[in-house]
Every structure is written in structure tokens, then in C-alpha cells.
Amino acid sequence: MALVVVAAGGWFAYRTVLGADCSGRVPLNVAAAPEIAPVIEAAAAEWVEDGAAVDGTCVAVTVSGTDSVDVAAAVAGLHGISLAGVGRASGTAVMPDVWVPDSSTWLLRLSAAAPGFAPTNNAPVAHSPVVVAMPEPVATSFGWPDKQLTWADLLQQITTGTQLRTGIVEPTRDSAGLSLLLAVGAAASAAGEGAQQATTAALRALATGRSALRQDLVARFPRSADPASVASALGAAALSEEDVIAYNAARPPITLAALYPQPASMALDYPYAILPGTDPARAAAAEGLFSVLDTAAFRDRLGARGLRGPDGTWGQGFEAPRGARAGLPSPPSAAPGTSASPDPGGSALPGAPARGPDPAAVERALSTWTAVTLPARMLAVIDVSGSMLQRVPTAGGATRMQVTLQAAQRGLGLFDDSWAVGLWTFSTELSGGRDYREEQPVGPLSSQRSRLLSSLNAITPKPDGDTGLYDTVLAAYESMQEGWEPGRVNSVVMLTDGRNDDDNGISQEKLLSDLQALVDPRRPIQVVIIGIGDGVSRDELDAITKVTGGGVFVTEDPAKIGDIFLQAIALRPAAPG
């Protein structure tokens, strides 16, 4: 792990000035978000020049300006996990000793997926609110600077308005985009029974204006003061306050207004994370550097770069956008998708501020985004064995079948007409001698959404049916491979509450052997299996997805299948080719 990430933003290295007070060398490698890396670099240089040492050994600091998503990919690869939308690390991406990403959400996402990832310190060293950036003429049309915009106002404009061209950087890879996603989702949830429809409409509207990179999004703002240029250019985007300050400092033809919708959204907090595996000497050096970042001088350096101190106040040189307020929002105004206290389940990071993003809310928002925005070709396969008639106490006495179908119906509502979806059911001897039955072939939702809903509503369990898992998995995989389509994520999503108990079916050995022979890396089919209740065998299901690719999600409480279903859909990889 004694390696350095070298990526966008360049790198800065300082060697200690050897003096009488220290000897030798303790190297400390720091990867920081590009906008804060020069500030940390300057502070580290001064610290080293003043004789930085650990137990008499000189400290040498290397600072790299690295996009947070690139370090996240490297960490994920080290722990053998994947994060939705992040992808794999580049061949040159390696691990630092200290990581200062732009947001604690990166640490939370990684900690939730990899229990062995437990960074220390994690205290914020800077702060930058996430704002809605608008060209000033557009902002004026919305009442800026006199009118206070709310997220509900913005949601209405996104979903029903025609004059606002909105944009977002892919929120699975960008913290400001994720903040917008959480805020819009919270505003949509206030719609009561129409919450899912409002959320789906908002996400689909945002997806039409998304960009993979922040610089590409910013480049879509108006390039001239001509009214036609302003009208056709990007009208609103989620950016950090620092982004707006930096953009305006370049003196563009149309400056950006920073709008601060209420309630306050999740801000960028720049946590100082000492990564696990850092040896004691380097960890001690890391704590020494951290103490340098907790000073008035460092706050002034932040201010000169358009960043605030961790308490939300700013130092000298900070040019506050119009409408900016110093300090953090008061506790009653906690940002949408955040919690007012550390997560009771223990997922809060040590050293992190008490009010921070809720890991469950982050996961739910990203899962929903992925489900809504990635084109796919999917075969849903639902268990209708007799055990699906069991009652679920935590779901008001509804049966496992009922809660499963409710989750499937809600999921179907998220998918737009670009999806192709089919539906099978399975048990034992469900259709003649076969354990499975095709309820609807895989086809475009644009033409068969109503038929799929009707088929879901008509599903009933077979009271004396067992679970013909192996035969069904093989047949579903073969069927999806025959109709495989490029440019889409091709997947089988199976929902079951049992293990294979078909005495007349193929064996596990036969299933795995046949699947291995069928797998074609050029035409991947991902198998995602959702286990419901305590009757499933995790090992049995894992053995299948290890061959095909995909994943297994198990919830002992069937009432939680809705969130599990979203996570399963979000697991889908990017479509090949």
C-alpha cells in the first residue's frame, strides 16, 4: 500500500530539509481532491520546511491531486468489491496513506460494501456547500437574488417546466451530483402517494442532461451573452460553491449565480482519512500533517481557493457568492438524506461530524438512479412455490408472494420505455414437465408494460409446488443468451424464497458445468438472485453467480424486499460495446 495515486491535477512532492533535529526519512503519500490538493501541498511544504519529524525521523510528504472516484475505484479493487457506476481502477491507480476525497459519502459507500475498510481520523478539513448554479439571467427569471428557492420549487421546474435545461454529473461518480440526487429525492418524497412517480420523473429529466465529467457539464453553460445562446445553453446544474467561484474567476461572458435551495443540501466536507494498513510511523506523520490543517493559516489558504473551513466559515481571500451565508446549517435544518446523529447501526465513521449522510439513504438514491437511467434487457423470474404463501408479520400479514409482487410492480414503474423486460414464474412441474412458465416474453416496455402488470397481478403460488431452481436458472440463462442485445445490460433477475428441492431436476454439478460452457465474455448475461426469508441457501446461490457474474442479495425479512430489489438492479454493470 506504500504507493501514490497519480491522476488529474498533477502531483507535488517535498523532501524534508535535513537538519540537526531529525534524520532519516518517513514518506507520507497523500491523495486529495484536485481543488484542495494545492492548499494541502502548500501547508505540507511549510510544515516540512519547519522541520516536520516523527520521533526524530524527518517526514517527506508527497501530495497528489486526484479525482475522488479514481481513488475509490482503487480502494474497491483492493477489497474485491465494486461500487455502482465507479468501474475499475486504472492500471496506474494505487493506494495512498492519506486520502482527502471531496465527500464523506465515498468513505461511507466503501465501508458499507467492504467491512474491512475502516479508515481513521475522518474529520473534515474543509467545506463547500452544494449549490444550484445558474447563469445570472436565468437565475433572475426565478426571482434571484430576492427570492429564496426551495428544492420543491426546483423539483417542479425539473418535472413540469419547459424553460429550464438542467444538468447533473453522473451521481455515482460525483459528490455534487449525489447531493442533488438526495435533495431532489427528499423533495419528491413529500408527494405522499405520488412520491415514486415524482422521483422517477425527476430522475428521468435529470438523466437527459447528465454528463460523465464535471468539466463537460460546465462547458455547456452559455458561451456568449446573446439571448439565444443563453436560452439554448445549460440553465441549471448542481455544483459546489467552489466550482462557481472558480468558474466566475475566469471572467466568462455570463457569470453564474449560486443558489442555495432550502433545506440545505449535503455539502462537500473533505474528510481526512488515514487508510487502513498505513504503518505506525506514517500514521503518526499523517496525524502531524492533520494538525497543520487545523489552523487559521490553513483556513486562509482555503479561502483563497474558494473553500470554507470545516465549520462553514471562511478565511481571508474568500469571495463569497451573492446569497452565501457563513457557518453550517443548524441541526433542525439537516440536509435531505442526512441524519442528525451518528448511524445507530455503527456505520458512522470515527472522527466524522455527528450530522452526516445516512448510508442507507445514499445507497437507496444511487440504486434508484441506476435502475431508472441504465438501459437494460431483463428477464424477471419469480418463485411461485407453496412456501410463497407464508405470512410476513412485518408486512401486516401479507404473504411472501404479495410483498414480492409489490416490489416487482414498483420496480417496473421505475423503468422507462427504453427497457426490454420479460416475466417467468417457476416452481416444479409448472408447465407440463417443466419447472418454469413464460408469462410474458422479453419485449419493449413501450408496447407491453400493461401486459406485464396484468401478468404480475395474476400470479398465484402453486400450493403443493416445490422449488425447481436449477432447471429454471439454466433455461433462463439460455433464453437470455439467445436474444442477447449489444448496447444493453442483459440480465436475469430471480426472486426466490427457497433452495433447490426438485428431485427430478438437474444436479448442482450439472448446472454449474452447463453454465460454465455457456458463458461468453463477449455476450455477458448477469444473473442476480434475490433470496427472501430464512429458507434460502446463500452458498447455493453464490455458486451460481460466481460462474455467471452478478450477485446474491438475501433478506430474512421479506418486508424489506423493495430496497433489496433496487440494490440488485443497481448491481448491473455498464453495457458492453
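Mentor: Let us begin with accessibility: a residue is buried under 20% relative accessible area, exposed over 50%, and partly exposed in between, with a 1.4 Å probe and protein chains only. This is a predicted model, in which local features need pLDDT of at least 70 and side-chain atom pairs count only at pLDDT 80 or more, while totals for chains, interfaces and linings use all residues. Residues are numbered from 1 along each chain as its sequence is written, and side-chain values use heavy atoms, with hydrogens and water left out.

Trainee: Is Arg 282 buried or exposed?

Mentor: Arg 282 counts as buried because its relative accessibility is 12%. Asp 279, at 34%, is partly exposed.

Trainee: What joins Asp 279 and Arg 282?

Mentor: Their side chains meet in a salt bridge, at 3.5 Å from N to O. The term requires a side-chain nitrogen of Lys or Arg within 4 Å of a carboxyl oxygen of Asp or Glu.

Trainee: How many salt bridges are there by this rule?

Mentor: The count comes to 18. One of them pairs Glu 241 with Arg 308, where the closest N and O atoms are 2.7 Å apart. That pair links distant parts of the chain, 67 residues apart: Glu 241 belongs to helix α10 (residues 241-249), and Arg 308 to the loop between α12 (296-304) and β13 (338-339). Helices (H or I, at least four residues) and strands (E, at least two) are DSSP runs, numbered from the N terminus.

Trainee: And are Glu 241 and Arg 308 buried or exposed?

Mentor: Both Glu 241 and Arg 308 are buried.

Trainee: Which residue does Asp 497 bridge to?

Mentor: Asp 497 forms a salt bridge with Arg 400, and the closest N and O atoms are 2.9 Å apart. The two lie 97 residues apart, with Asp 497 in the loop between β20 (489-496) and α17 (508-518) and Arg 400 in helix α14. Asp 497 and Arg 400 are both buried.

Trainee: Which residues are linked in a network of salt bridges?

Mentor: Asp 102, Asp 174, Arg 214 and Asp 243 are linked in this way.

Trainee: Changing topic, why is strand β4 largely enclosed?

Mentor: Eight of the nine residues of β4 (residues 57-65) are buried, so the rest of the structure largely encloses this strand.

Trainee: Which way do β2 and β4 run, parallel or antiparallel?

Mentor: Strand β2 (residues 23-32) runs parallel to β4, and eight bridges join them; strands count as paired if DSSP finds at least two bridges between them. Leu 28 has Val 61 as its bridge partner in β4. Strand β3 (residues 53-54), by contrast, is antiparallel to β4, with two bridges, and Ala 53 stands opposite Cys 58.

Trainee: What lies in the turn between β3 and β4?

Mentor: The hairpin has two residues between its strands, and Asp 55 in the turn has a positive phi of about 50 degrees.

Trainee: Lastly, how many cavities of 30 Å³ or more are there?

Mentor: There are two. On a 1 Å grid over the protein atoms alone, a cavity is a set of points where a 1.4 Å probe fits but cannot get out, and lining residues have an atom within 4 Å of a point. Points are joined across faces, edges and corners, and a volume is the space filled by probe spheres set on them. The largest cavity has a volume of about 120 Å³. Its lining has 13 residues, and those closest to the centre are Ala 380, Ala 408, Leu 412, Val 421 and Leu 456.

How values were computed: On a 1 Å grid over the protein atoms alone, a cavity is a set of points where a 1.4 Å probe fits but cannot get out, and a pocket is an open set with protein on both sides within 12 Å along at least five of seven lines; lining residues have an atom within 4 Å of a point.
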